[in-house]
Amino acid sequence: MTGKLLSAEPYVAVNWSNGIDMRTGRPRINPQARYDKTGGTWIGKPSSLGGHNWQPMAFNPATGLAYIPIVEMVGVYKSDPNFHPQPMTSNTGDDVAAIASVLTDRSKAKLLSVTKGALLAWNPVTQKAVWRAPNPGIWNGGVLTTAGNLVIQGDSEGHLNAYDAKTGAKLWSFDAQNPVLAAPRSPMRSTANNM
């Protein structure tokens with residue numbers, strides 16, 4: 001193992017970069033995404049939450065697939081020309097009032113219509129999506145995959161779901177009556193006597 005970059009294809013829509021320089025590993029930045037330089041408003045994909053956040057993903061060696069809880073959401077950005085860092089607060093440097101003033105009800109509705117969450121089965125060798133299971137919201141639970149070719153994930157509406165690891169077909173769902181956002185856990189069987 002060398003740590004050499006082998007591939008870097010996006011698994012969600014990206015517009016702030018037009019790819020990765022495979023020699024350096026650095027993104028090739030879209031000049032329009034430098035809203036601090038253009039002075040304009042930038043609608044970036046993905047949002048500052050990223051295409052995948054803290055929720056654990058999983059890899060199944062039998063299917064060769066990675067299962068990723070993805071977030072498809074845009075972010076709206078505009079630099080604040082009068083920005084001065086403040087202690088103990090979020091220091092994004094964005095002009096929130098200017099962003100709010102350019103968003104109409106119609107543009108807000110359009111932005112919400114492209115906001116989605118899903119469970120994505122990704123082939124890391126071909127760098128392509130194999131299947132995706134839409135989720136009811138953008139913020140859903142971590143993922144567990146099993147040797148029996150199941151993928152387990154909770155969702156923001158309070159369901160714990162089991163999918164076929166190869167096809168993505170939903171096989172089972174349990175209504176937990178509360179959002180299931182942490183990662184599922186599988187009991188481990190031990191041969192040790194003192195467990």
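Met88 is exposed, with a relative accessible area of 86%, where exposed means over 50%, buried under 20% and partly exposed in between, for a 1.4 Å probe and protein chains only. The model is predicted, so that local features need pLDDT of at least 70 and side-chain atom pairs count only at pLDDT 80 or more, while totals for chains, interfaces and linings use all residues. Residues are numbered from 1 along each chain as its sequence is written, and side-chain values use heavy atoms, with hydrogens and water left out.

Met88 sits in the loop between strand E6 (75-77) and helix H2 (96-102), helices (H or I, at least four residues) and strands (E, at least two) being DSSP runs numbered from the N terminus. Although Met88 is not a glycine, its phi is positive, at about 60 degrees. Most residues other than glycine have a negative phi, and most peptide bonds are trans. Gln177, in the segment after strand E12 (170-175), also has a positive phi, near 65 degrees, and is exposed, with a relative accessible area of 68%. As for peptide bonds, the one from Lys45 to Pro46 is cis, with omega near -10 degrees, and Pro46 belongs to the loop between strand E3 (42-44) and strand E4 (58-60).

On a 1 Å grid over the protein atoms alone, a cavity is a set of points where a 1.4 Å probe fits but cannot get out, whereas a pocket is an open set with protein on both sides within 12 Å along at least five of seven lines, and lining residues have an atom within 4 Å of a point. Grid points are joined across faces, edges and corners, and a volume is the space filled by probe spheres set on the points.

The largest pocket has a volume of about 300 Å³, and of the 13 residues that line it, Ala8, Glu9, Pro10, Val14 and Ile20 lie nearest its centre. Val14, placed in the segment before strand E1 (17-20), is partly exposed, with a relative accessible area of 34%.

A search of the whole structure finds one cavity of 30 Å³ or more, and the largest cavity has a volume of about 30 Å³. Its lining includes Gln55, Ala118, Ile138, Trp139 and Asn140, while the largest share, three residues, comes from strand E5 (residues 65-72).
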